[in-house]
Amino acid sequence: MTLTIRNITKDFLVPGDQSICALSEITFSVADEEFVSVLGPSGCGKTTLLRIIAGLEYATSGSIEINGEIISGRSPRMAMIFQEYSLYPWRTVRDNVTFGLEVGGMHKSQAREVAQTYLHLVGLDDFADRYPHELSGGMRQRVTVARALAIKPQILLMDEPFGALDAQTRNRLQEELLEIWEKTKKTIIFVTHSVDEAVYLADRLIVLTSRPARVCEVIPIHLARPRDRTGQEFARVRRQVLDLIAQPKCSLQ
Amino acid sequence: MRSPVPLLLPVLLIVGWEVAAHFIDNPFILPSLTTVIPILLHPFSDKFTLGTGSLVDNAAVSLFRVALGFALAALIAIPLGIGMGRSALLNNILDATIELLRPIPPLAWVPLALAWFKIGLVSIVFIILIGAFFPILLNTIDGVKSIKRTWVEVALTLGARESDILGKVILHGAAPTIWTGLRVGFGISWMCVVAAEWLPGTTRGLGYLILYAYNFGQTNVIIAGMVIIGIIGIVIDQVFKAGERRWFSWRALER
């Protein structure tokens, strides 16, 4: 399966009938089981791009294709994980995970079993009956990962999912995400503004400029996993990436 | 042990009342507690109320009327509020009219109610309905509008249909605010019922009881009736508050 983002352009209308270009001719492909990071400065339109791929917003022009077939709107082959806490506070952890299964018409008892499987995968077996407010930030984002995986998507779209977490928790969740990725063989598009995070996680970085966002570099990361954040190799690759995005054509502020 | 401070003023008021009653020495202006308390101690007896029924009988009649008007108000206001909260078009169509009608006190509708529905239960229930309607409607609209966009979008990306979003996200997410609207609405209906029971032709209810007692100069019955009205109001408000703590504690704890 190949996901292709082709010539995506997005204009926003602002008061006074002016249009502002947020995304300009964005094109890249993501291979099956690939981990791609979309890297760009804050407010450059990364999130908008992800929302267009998820079918939550429409592009002004361009298309999203899976295996060459244009998909319009939302696709059950994708699940999105949001930046801020998106759990339903009135549902238990388990019932949050079963949400997508319920609306998909799965029988309640079967949905609970599936939920248990994915809660186990993210290490939260013992928290199934708790409510989100009883969980730490890191645990909550684990639940959102379980909830997204439960509907068995091929592609996970992640919008700065660890942005609100402290550094230690963030590192921990990055490691866990890679383990889950290796186990479940998902294709992941991970939006972030952190070079460290992108270099640690991704097979390939798609670097965007600030508004209007354009693809200015595509950088493959040839680092063996597990990656050592403190190692010389990691530092070298990180330096390379920083040099590339410091070029005038990228101009990350 | 809980602090006794909150009880200080009520105790002083009661003592002051009794002292004042003693000096005024006119049960029509201010009856002694000793003439009020026996009525409250015999809530099932109608020997104090000159054949208008006991306190409990009248309270039951009032509660029935309020329940009817309140339930009708909720039945109309909640779906309407959800519609207005979800649809900008519906909101645009209705908002100006609602803003126009909202400041009119429920009791200002009394003459119209009589003209339309004549004397009787329907008029009373109509006044109560008007009283409960606007708080429920406005809170429902507010609750639906303040639903986090992410909650809806998560549901969409997980494959939810519009009916799922309504039933599994909007209703749940707005429920605490709707509940607040119900609580406020009930409080207002309870105030309205007393006045609505002053409508001509009414022969039962706490409102009727205290007006009837006035005609016979029974100030002690009036005060006993007021005490019962107050107690029922507090109890029901506490029931709503308990429901809030029981079902919607997530709202306060959510970060």
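Predicted model: local features only at pLDDT ≥ 70, side-chain atom pairs only at ≥ 80, totals over all residues.
**Notebook: chains A and B**

I started with polar contacts across the interface of chain B and chain A, and the rule finds 5 residue pairs there, both residues at pLDDT 80 or more. (A polar contact is a pair of N or O atoms within 3.5 Å; within protein, one must be able to donate a hydrogen and the other to accept it, and residues adjacent in sequence count only if both atoms are side-chain atoms.)

Residues are numbered from 1 along each chain as its sequence is written, chains are lettered from A and ligands numbered from 1 in the order in which they are written, and side-chain values use heavy atoms, leaving out hydrogens and water.

**The interface**

Which parts of chain B face chain A? I found that helix H7 (149-157), helix H8 (162-196) and helix H11 (249-253) of chain B each supply at least two residues of the touching side. (Helices, H or I with at least four residues, and strands, E with at least two, are DSSP runs numbered from the N terminus.) H7(B) gives the most, with 8 residues. Sorted by class, that side of chain B has 9 nonpolar, 5 polar and 7 charged residues. (Ala, Val, Leu, Ile, Met, Phe, Trp, Tyr, Cys and Pro count as nonpolar, Asp, Glu, Lys and Arg as charged, and the others, Gly among them, as polar.)

Next I looked up the contacts, meaning heavy atoms within 4.5 Å: 21 residues of chain B touch 23 residues of chain A. The two chains bury about 2,100 Å² between them, 63% of it on carbon and sulfur atoms. (Buried area is the accessible area, with a 1.4 Å probe, that two parts lose on being put together, summed over both.)

I also counted 2 salt bridges between chain B and chain A. (A salt bridge is a side-chain nitrogen of Lys or Arg within 4 Å of a carboxyl oxygen of Asp or Glu.) A:Glu102 pairs this way with B:Lys168, the closest N and O atoms being 2.9 Å apart.

**Salt bridges elsewhere**

Over all chains the count comes to 24 salt bridges. One of them joins A:Glu34 to A:Arg204, with 2.5 Å between the closest N and O atoms. The pair links distant parts of the chain, 170 residues apart: A:Glu34 sits in the loop between strand E2 (18-30) and strand E3 (35-39) of chain A, and A:Arg204 in strand E9 (residues 204-208). Buried or exposed? Both A:Glu34 and A:Arg204 are buried. (Buried means under 20% relative accessible area, exposed over 50%, partly exposed in between, with a 1.4 Å probe and protein chains only.)

B:Arg183 lies in helix H8 and B:Asp237 in helix H10 (residues 219-247) of chain B, so the pair ties together parts 54 residues apart in sequence. B:Arg183 is partly exposed at 23%, and B:Asp237 is partly exposed at 24%.

**A:Thr4**

Last, I picked A:Thr4, which is in strand E1 (residues 3-14) of chain A. A:Thr4 counts as buried because its relative accessibility is 9%. The side chain of A:Thr4 makes a polar contact with the side chain of A:Ser29 (3.3 Å).
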